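Please look over the structure shown below, together with its sequence.

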Amino acid sequence: MTIAPPQELPRRTRVVVIGGGVAGCSVAYHLAKLGWTDVVLLERKQLTSGTTWHAAGLIAQLRATANMTKLAKYSQELYGRLEAETGVATGFKRNGSITLALTADRFEELKRGASMARAYGVEIETISAAEAGKRHPLLDVRDAVGAVFLPKDGQGDPGNIALAMAKGARNLGVRIFENVKVTGVTTAKGRATGVTTDQGPIEAEIVVNCAGMWARDVGAMAGVPLPLQACEHFYIVTEADSAIPRDLPVLRVPDECAYYKEDAGKILLGAFEPVAKPWATEGIPEDFCFDQLPEDFDHFAPILEKATARMPLLSRIGIHTFFNGPESFTHDDRYLLGEAPQLANFFVACGFNSVGIQSAGGAGMALAQWIVDRAPPFDLWDVDVRRVFPFQATRTFIQTRVTETLGLLYADHYPFRQYATSRHVRHTPFYEQLKAHGACFGETAGWERAHWFLPPDARTRGEAPDYTYGWGRQPWFEYSAAEHRAVRENVGVLDMSAFGKFQVEGPDAEAVLQRICANDVAVPVGRIVYTQWLNERGGIEADLTITRLGETSFLVVTSAACAVRDFAWLQRHIPDGARAIALDVTSGEACLAVMGPKSRAVLQTLTRADLSNAAFPFGTAQTIELGMALVRAHRVTYVGELGWELYMPTEFARHVFGILMQAGASHGIRLAGLHAMDSLRLEKAYRHFGHDVGDEDHVLEAGLGFAVKANKPRGPFGDFLGRDAVLRKRETGLSRRFMQLRLTDPEPLLFHTEPIVHKGAVVGYLTSGGYGHTLGAAVGLGYVPCDPKATLADMAAGPFEIEVAGRRIPALASLKPMYDPDGIRIRA
């Protein structure tokens, strides 16, 4: 099918979509469906060229989170009805899928995934290896452990799916131009204003980058860093054979890095090999269109060897096609969606990591709604482009990282698994000292952060501070437990330097923050305020603290992973004309958190400042002498104990660390990592942005109403964002509540996404999970639906269970923290 071009390239339009692959066609189609028909789609060559045309076309439902699953399910429904709407056959069929496990660990992963699927409303069966063999008779299952079957998974024709959406868009008024190359993005006052092309400029209110493997280059034209890189992706197609049954389910054997699908009596065998080959590292050839890459049979041979054993028929039939084509992969195997934080009105949908066909329908729908409504339709943090840090788009970083991320699609998805490539990019000032104390480091936003510490006796035995992975207790579990207990019972030190830190300065700083914050920040100098930033729906855009440093100066502290997102939100909500600026000062200060019942005793030996409760109450900050340094001590906690966060200029970090560890030696001071911090905060039911709270979670339903001051005075820039939604929710009542749950059995482990079962029915899933070493069992957090008139006792009434890998385990539920529910310890 070809798209007949309009007569003349327009000079003005409402939206320009760059790229005529499946993502660009989907965005254009869904914008038109929402009534935005003044849309121009530009394709540098021909529609579907680049990657879409040669995709495998596997269309699955289950993804890692509820909303990603929602988008995948939407894609299926859309592809099923497009032919009737447009007359273009999409080839979509629901023939189901089987994922086969060859190891006990893989089967545990699949069973946990099956439990998660039930929480997301996805039909799934856990089946035996023998049953998998019956449903896919070409399969040798003699060494298999088990499998899962998803009856509503399917496959389709990738090119025709894109062309069907293109035709649907054009029928609604979208103008599509092929053979038009975008050469630049025009901007003014921090906003995209159009594009330049090899056939002239086009002014536009909105620019959407759907340029596939060219998207990083298009982003660079706009000053927007996008970490994606094309990799070679291999598959073979066999000759047709009468022994191949029609409509076989799609088959995935991740332990052998392989997937199989039947199509027209042939078998397509593809692979996600452990070490991938980046392609076009110096730039994509100018004339690249419907091109194939050179064969590399040696690279594919190990996959094929295992495949012929798994499916013996392959050794008896010929290979019709050996295909090698480019596909884009990102730094974290999640695609990039949304409005760029660096440039307003510049949106992206790219980097689909070989799941573009199954994702594009839903991604296009979500992005179109985001463009029209100026906000995402629901929580899309998993794929939000605001998670990206600029250094991740450097060629060295992304080209090294994608050698790993392609293979990780089919690797064991163990909890806490760390990337092995593109590491040691960002270090806190304490890195070398933590390393000398046996730190095992993990990576967040490029920061090397201590996750746990190998004790001295273990180091003496020759053990190394390295991760082992699995679904059960790993050797480091007990090391982290000891760190947890040290903070609860004694004193622990955590490096929190990677947290994002922004200063807001100027005569209007207070008024600006009063507009942005749900809590009241019109407080005396030295006060610390815990607050949320809300959207107009009352959803949580940020969860952070603000400290008043002076009459016109405030410090915002947020999580490391949210630094780009939150700084962009802050900057975009400083009203025009306001006398206030925001500065990212993350790298300027180091931070050590000294936490535990003996924290005051340790710190008091190093300072003449009065650290008593009366002189230094909870929720305040003071600059104090500590040894030969001046530090700003914040009495606040994320672990639920007495303690202080010590902020200091980075050049004083080594000195402060040394005197602190020396002074604490007689008190049994212990370094603690992020695993301990997480288990400590779970016992206190402290929320974690991106897991427990996000822009779809109403602040009142998240149990954070205590931090919302709806009656604070209206400021010069208006009421705080989200106030009306808060008042409406108080009128109508809550439809769900945030709860803490603890297993009654001390053995099972929780991670997150496990289903919450109430009175025998699945009612939700855990947003966070971990082990409560003080509570003596695994602890989870999550939302449970409720009647608006339900009492606290009604909500906590059981029976509750948590489903773990298909097994339901009794749990106790509480709306208040099970550890120190009245917060007595933090105010000691």
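## Packing around L367

In this predicted model, L367 touches V27, V208, L337, G338, F347, V348 and A349, when residues up to four places away in sequence are not counted. Two of these partners, V208 and L337, are listed with L367 itself, Y79, M165 and L380 as the residues that touch the most other members of the largest nonpolar core, a set of 53 residues.

At least two residues of this core come from each of β1 (12–18), α1 (22–33), β2 (39–42), α2 (66–86), α5 (158–171), β11 (200–209), β18 (346–350) and α8 (356–373). The greatest contribution is that of α8, which supplies 9 residues. Another core lies apart from this one and has 43 residues, including Y414, V699, L743 and A805. In soluble globular proteins, nonpolar side chains tend to be buried together.

## An enclosed helix

Helix α13 (residues 509–516) is largely enclosed by the rest of the structure, because 6 of its 8 residues are buried. The buried residues of α13 are A509, A511, V512, L513, Q514 and I516, and the elements that cover them include the strands β23 (500–505), β24 (528–534), β25 (540–550) and β26 (553–558), as well as helix α14 (563–572).

## A buried loop residue

L642 is found in the loop that runs between β30 (629–634) and β31 (643–649), and L642 counts as buried because its relative accessibility is 3%, where the cut-off for burial is under 20%. Leaving aside neighbours within four places in sequence, L642 is in contact with V594, M595, G596, P597, S599, R600 and R635, and also with R825, I826 and A828. Between L642 and I546, which are 96 residues apart in sequence, the C-alpha to C-alpha distance is 19 Å.

## Overall form

The protein contains 19 helices and 38 strands. Its radius of gyration is 27 Å, close to the 28 Å that the globule rule gives for 828 residues, so the protein is as compact as a globular protein of that length. Taken along the principal axes, the box filled by the C-alpha atoms is roughly 85 × 65 × 55 Å.

Of the 828 residues, 62% are buried, and among contacts with a separation of 6 or more, 74% are between residues 24 or more positions apart. The accessible surface comes to about 30,300 Å², with 51% of it belonging to carbon and sulfur atoms. The protein has 86 positive and 94 negative charges, whose mean positions are 4 Å apart.

How values were computed
Residues are numbered from 1 along each chain as its sequence is written. This is a predicted model: local features need pLDDT of at least 70, side-chain atom pairs count only at pLDDT 80 or more; totals for chains, interfaces and linings use all residues. Side-chain values use heavy atoms; hydrogens and water are left out. Helices (H or I, at least four residues) and strands (E, at least two) are DSSP runs, numbered from the N terminus. The radius of gyration is taken over C-alpha atoms; the globule rule is 2.2 Å times the number of residues to the power 0.38. Buried means under 20% relative accessible area, exposed over 50%, partly exposed in between (1.4 Å probe, protein chains only). Contact means heavy atoms within 4.5 Å. Accessible areas come from the Shrake-Rupley method with a 1.4 Å probe; for residues, only the protein chains shown count as cover. Lys and Arg count as positive and Asp and Glu as negative; His and the chain ends are not counted. The place of a charge is taken as NZ of Lys, CZ of Arg, CG of Asp or CD of Glu. A nonpolar core is a set of buried Ala, Val, Leu, Ile, Met, Phe, Trp, Tyr and Cys residues joined through side-chain atoms within 4.5 Å.
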